[in-house]
Amino acid sequence: MKRRNFLVAAGAAFVAGCNRIAETDAGKAVLNAAESWHKSAHRLLVDREALAPEYPKSAISPFFRGNGSTDPQNGDYPRHVEEGFANWRLEVGGLVANPLSLSLENIRRLPQRTQITRHDCVEGWSAIGEWTGPQLSVLLDAARLSEDARFIVFRCADNLSGADYYESVDLIDAYHPQTIVAHTLNGEPLPIRNGAPLRMRIERQLGYKHAKYLTAVEAVASLDGIGDGQGGYWEDRAGYQWYAGI
Amino acid sequence: MKRHALSTRLWHWLNLLCVVTLFMSGLTISNAHPRLYWGDWGFDASQAWLIVPRFPDWMTIPGYYSLSVARDWHILMAWPFALGLLFMWAAMLINRHFKRDIVTARREWRPSAIRRDIVEHLKLNFDHQGAKYNFLQKLAYGLVLGVFLPMMVFTGISISPGMEPTFGWLVDLLGGRQSARTLHFLFAFATAAFFVVHVVLVILAGPIRQIRDMITGGREV
């Protein structure tokens, strides 16, 4: 059909134009700027302490889907699984005065926060679960964060397609009351597919920010030189937005 | 006086660019998880009320599967789209385009009047005495400007997790995050349906004059 051919040709020309714009430096700059306008608008309209919605127990999804790594086989991880994570450590380091190395037992003894929140994947799906763990702010305060720190980097045990997973947030999200280092999901230790034994909860951003299989929390002044410098595994690898509140 | 005000013409073409980019990048986003749910959550086919077909690459921005690039375009064009819509509403309230041309009168809602209008449309008689737009046009433009496009903005805000602490009431009003996402897609397709009907009617009503007038403004008939 002629009309369909015309439509396909018009669509293809438009797409080609968009792609060409996206490849220019100016195009890239505009696309990145748009992301930061959203972040600024969110920061303007949303109080830095304002909470993501919390749900009653009855709203919990019967199963909590896992995405990305769901059963890491690299490095020491399988050994930790065999040991029931008895020797797992969480390092808190970087720009801090008092670096910490915590066992799961240490982490469980800290003041805990339990929250029933909704997890939104960048792909579009959502699941609701009950998470328990200490607030990240408690760890950062105990480690005495340096004034030079601007970002908190989350290091992970899983290696996905040849690169170590990692993520990062700014200090606003790091100190948000719902930002916790979760060790429990729905009253049970985290399942492997959801990040056992520890994962981050960054409740006002999309799922890829919620780093799983957490091994270290690192305070830095800049994201340059970490991974490919874009602030996270998917940001480096596929150009995902560092600010994932959109 | 011109047939189309400058503000209308500027917004019309800006909005065309925004809607096309948003729709085509939105099709890539649909391909990322082509299932729609109601309520707060949903991730599995068994919970979906609709499995959306996969959209071919020639329909999508970019012309290959990349959720991050599609989101880049979506996130960029959301700005001129939402601000443009706000501008158009302000302009048509100030220049009275809304009151004069789009607001319907009670008598136009009489079934006999609506029937007559439909019959005239089917006869491809687009000559309407006096008023700028006939009833079906007013209804279509009113729905698009007053419901479809604003709902794209509101449902879009609702599915941004960073906005939710402030706009949680809106998410609740829409029936939860997955309902808001479903509505986002439904209003997108409603807008696309309007687009198709609009283009077909422009072609039937004399495309050269219609497009010329939407560029130059034309003359009041």
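## Chain B: overall build

The model is a predicted one. Along the principal axes, the C-alpha atoms of chain B fill a box of roughly 55 × 35 × 35 Å.

Chain B has 221 residues, and 31% of them are buried. Take the contacts in chain B between residues at least 6 apart in sequence: 70% of these join residues at least 24 apart.

## The α5–α7 pair in chain B

Helix α5 of chain B spans residues 135–158, and helix α7 of chain B spans residues 177–204. Their axes come within 9 Å. The crossing angle is roughly 145 degrees, and the crossing is left-handed.

Which residues of α5(B) and α7(B) make the contact? From α5(B) come B:A140, B:V144, B:F148, B:L149, B:M151, B:M152, B:T155, B:G156 and B:S158. From α7(B) come B:R177, B:A180, B:L183, B:H184, B:F187, B:A188, B:A190, B:T191 and B:F194. By class, the residues of this contact are 12 nonpolar, 5 polar and 1 charged.

Helix α6 of chain B covers residues 164–173. Its buried residues are B:E164, B:P165 and B:V171. Viewed down the axis of α6(B), they fall within an arc of 45 degrees, so they line one face of the helix. These buried residues pack against α5 and α7 of chain B. Just after α6(B) comes B:G175, with a positive phi of about 95 degrees.

Helix α8 of chain B, residues 207–216, is hardly covered. How many of its 10 residues are buried? The count is 0. B:G217 follows α8(B), and its phi is positive too, near 105 degrees.

## Where chain B meets chain A

The contact between the chains takes 33 residues from chain B and 42 residues from chain A. On the chain B side, four helices each supply at least two residues: α1 (6–32), α2 (67–94), α6 and α7. The largest share, 9 residues, comes from α2(B).

What is the make-up of the chain B side by class? It has 17 nonpolar, 10 polar and 6 charged residues.

Chain A is divided into domain 1 (1–45) and domain 2 (51–238). Taken over C-alpha atoms, the centres of the two domains of chain A are separated by 32 Å.

A:A149 sits in the loop between α5 (136–142) and β5 (151–160) of chain A. Is A:A149 buried or partly exposed? A:A149 counts as partly exposed, because it has 17 C-beta neighbours inside 10 Å, and a buried residue needs 20 or more. Leaving aside residues up to four places away in sequence, A:A149 touches A:L95, A:L171, A:A219, A:V220 and A:A221. Its C-alpha atom lies 8.2 Å from that of A:V96, 53 residues apart along the chain.

## Cis peptide bonds

In chain A, a cis peptide bond joins A:A196 and A:P197, with omega about 0 degrees. A:P197 lies in the loop between β9 (188–189) and β10 (199–201) of chain A.

In chain B, the peptide bond from B:I61 to B:P62 is cis, and omega is near -5 degrees. B:P62 also belongs to a loop, the one between β2 (50–51) and α2 of chain B.

## Positive phi without glycine

A:F85 is not a glycine, yet its phi is positive, about 60 degrees. The residue is in the loop between α3 (77–82) and β1 (89–94) of chain A. A:F85 is partly exposed, with 18 other C-beta atoms within 10 Å.

A:S161 has a phi near 50 degrees, again a positive value in a residue other than glycine. It lies in the loop between β5 and β6 (163–170) of chain A. A:S161 counts as exposed, because it has 7 C-beta neighbours inside 10 Å and the limit for exposed is 12 or fewer.

Key: Residues are numbered from 1 along each chain as its sequence is written. Chains are lettered from A and ligands numbered from 1 in the order in which they are written. This is a predicted model: local features need pLDDT of at least 70, side-chain atom pairs count only at pLDDT 80 or more; totals for chains, interfaces and linings use all residues. Axes are lines fitted to C-alpha atoms, for helices over the stretch in contact, and angles run from 0 to 180 degrees between N-to-C directions. A crossing is left-handed if the near helix is turned anticlockwise from the far one by less than a right angle, and right-handed if clockwise. Two residues are in contact if their C-beta atoms, placed from the backbone, lie within 7 Å. Ala, Val, Leu, Ile, Met, Phe, Trp, Tyr, Cys and Pro count as nonpolar, Asp, Glu, Lys and Arg as charged, and the others, Gly among them, as polar. Domain bounds come from an automatic or database domain assignment. The arc is that of the directions from the helix axis to the C-beta atoms.
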